[in-house]
Amino acid sequence: MHTESLGAIFVNALLINNFVLSAFLGICPFLGVSSKFETASRMGMAVTFVMFVSSLCAYGVNALLLWINAPYLQLISYIVIIASAVQLVEMFIKKFSPALFRALGIFLPLITTNCAILGLALFQTAKGYNLIESIVYALGAGGGFALAIILMAGIREELELTTVPDVIKGTAIVLIVAGILSMTFMGFAGLV
Amino acid sequence: MSTPTTLEPAASRTMDEFLKGLWKENPVFVQVLGMCPVLAVTNTVMNSVVMGVATTFVLLMSAIIVSLTRNWIPKQVRIATYILVIATFVTMADYIIKAVSLAAHQSLGAFISLIVVNCMILGRAEAFSSKNGVKDSIMDAMGMGIGFTLAIVMLGIVRESLGNGTLLGFALFGDRFEPWVIMVLPGGAFFVLGFLLLGINALNRRRAAEAT
């Protein structure tokens, strides 16, 4: 079915098929939370963690659904898992780092509707990864998301200091920068 | 193009709910919601149309259900409930598309399932349907859905015609046209949307300048 090594899966998810820049998953937080470096790196970590947890759970639930022969429940059960995982992370962060909790604000519950996470769960099922491969894939995808959002935040902090024509300020310039980043990432094609 | 539009004073409230989604509060261009499908599936016009119709269907059906049940859903679990309602309709849309056209289903891939996490749908459920009656919610959902469809079809037209030299599969420019491959690649999606937003910004600024 697939003959990738674990390293190939990791590099593939991290760079070549970067979730944000080439598969267009998780664009909302990528555009929304990338204005400050600090917040962006924390968001990256939170997403990676949620991805890890939900990937594990999705693997288990998929096995269960196949066993009871109800694949049409896949989507619904995945989204419930992700929502619960996000809730868990939210309670965890609230308890251990109230400052981070405030910094992430509305974007923490919105991780639930981060398509990167549901996309990850769906892709790992579609590709038929086993447990170890799923975990490696989740870590690669999470790392790729963090990498993209941190790169973007770095560029946006620089942008603050430069003179940008008024008309292009806001989302327009961010999208064009993202386009250039995406072209850069195309250079990784053929790495594996 | 540069004449400032004045709103008709007699336009009824219900009609306003519908119209605001098309331009003033367009989910894609103004609210910048639901970006993932906007960027991912707009490489051809056909994909954009299928995606737009599927999203509008889910938006409309979930708006009806959310609006009908808005007084019975406890505040604490509302988001989870909305997500479940949306996921149910997305599963239905997924199976319907698979039954009608397997080719369309394959070219959209996982992005049909990913309608669940389109923030626009949850956003409308939370911001509008949960507070308004069924009729207004339907108008709002239709407006937003059609606004979304128009926006992604616009992107699809630009990307398919420049990136592939075709429109809905028909050749546009003759043999000597060299396709701009970047337009169908991921980078092109960001560029086209960026420049569309730039154009809309410029248009709005000009209008604002003329109004004062």
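**Fold and interface of the two chains**

From the N terminus on, the elements of chain A run α-α-α-α-α-α-α-α. In this predicted model, the secondary structure of chain A thus amounts to eight helices and zero strands. The C-alpha atoms of chain A fill a box of roughly 60 × 45 × 25 Å along the principal axes. Among the contacts in chain A with a separation of 6 or more, 82% are accounted for by residues 24 or more positions apart.

Within chain A, the packing of helix 3 against helix 6 was examined. Two packed helices are described by the angle between their axes and the distance between the axes. Helix 3 (residues 37-67) and helix 6 (residues 115-126) of chain A have axes that come within 9 Å and cross at roughly 40°, and the crossing of these two helices of chain A is right-handed. On the side of helix 3 of chain A, the contact is formed by Val47(A), Val50(A), Met51(A), Ser54(A), Ser55(A), Ala58(A) and Asn62(A). These residues meet Ala116(A), Ile117(A), Leu120(A), Ala121(A), Gln124(A) and Thr125(A) in helix 6 of chain A. By class, the residues of this contact between helix 3 and helix 6 of chain A comprise eight nonpolar, five polar and no charged.

Chain B contains eight helices and two strands, arranged along the sequence in the pattern α-α-α-α-α-α-α-β-β-α. The C-alpha trace of chain B spans about 60 × 50 × 25 Å along its principal axes. The radius of gyration of chain B is 19 Å, which agrees with the value near 17 Å that a compact globule of 212 residues would have. Buried residues account for 43% of the 212 residues of chain B.

Leu108(B) lies in helix 5 (residues 102-108) of chain B and counts as buried because it has 23 C-beta neighbours inside 10 Å. Leaving aside residues up to four places away in sequence, Leu108(B) touches Val41(B), Asn47(B), Val50(B) and Met51(B). The C-alpha atom of Leu108(B) is separated by 9.3 Å from that of Ser48(B), a residue 60 positions away along the chain.

The contact between the chains takes 31 residues from chain A and 32 residues from chain B. On the side of chain B that touches chain A, at least two residues each are supplied by helix 2 (35-40), helix 4 (78-100), helix 6 (119-129) and helix 8 (186-211) of chain B. Helix 8 of chain B provides the largest share of this side, twelve residues. The residues on this side of chain B divide into 25 nonpolar, six polar and one charged.

Helix 8 (residues 171-186) of chain A packs against helix 8 of chain B at an angle of about 165°, with the axes 8 Å apart. The two helices, helix 8 of chain A and helix 8 of chain B, are therefore roughly antiparallel to each other, and helix 8 of chain A passes helix 8 of chain B in a left-handed crossing. From helix 8 of chain A, the residues involved are Thr171(A), Ala172(A), Leu175(A), Ile176(A), Ala178(A), Gly179(A), Ser182(A), Met183(A) and Met186(A). Their counterparts in helix 8 of chain B are Pro186(B), Gly187(B), Phe190(B), Phe191(B), Leu193(B), Gly194(B), Leu197(B), Leu198(B) and Asn201(B). This contact of helix 8 of chain A with helix 8 of chain B has twelve nonpolar, six polar and no charged residues.

In the second pair, the axes of helix 4 (residues 74-96) of chain A and helix 4 of chain B come within 9 Å and cross at roughly 155°. This angle makes helix 4 of chain A roughly antiparallel to helix 4 of chain B, and the crossing of helix 4 of chain A with helix 4 of chain B is right-handed. Helix 4 of chain A contributes Leu75(A), Ile76(A), Ile79(A) and Ala83(A) to the contact, whereas helix 4 of chain B contributes Ala80(B), Ile83(B), Leu84(B), Ala87(B), Thr88(B), Val90(B) and Thr91(B). The residues of this contact between helix 4 of chain A and helix 4 of chain B divide into nine nonpolar, two polar and no charged.

Notes:
Residues numbered from 1 in each chain as written. Chains lettered and ligands numbered in written order. Predicted model: local features only at pLDDT ≥ 70, side-chain atom pairs only at ≥ 80, totals over all residues. Contact = placed C-beta atoms within 7 Å. Helix = DSSP H or I, 4+ residues; strand = E, 2+ residues; numbered from the N terminus. Nonpolar A, V, L, I, M, F, W, Y, C, P; charged D, E, K, R; others polar. Rg over C-alpha atoms; globule rule 2.2 N^0.38 Å. Buried ≥ 20, exposed ≤ 12 C-beta atoms within 10 Å, placed from the backbone. Axes fitted to C-alpha atoms, helices over the stretch in contact; angles between N-to-C directions. Parallel < 35°, antiparallel > 145°, perpendicular 65-115°, else oblique. Left-handed = near helix turned anticlockwise from the far one by under 90°.
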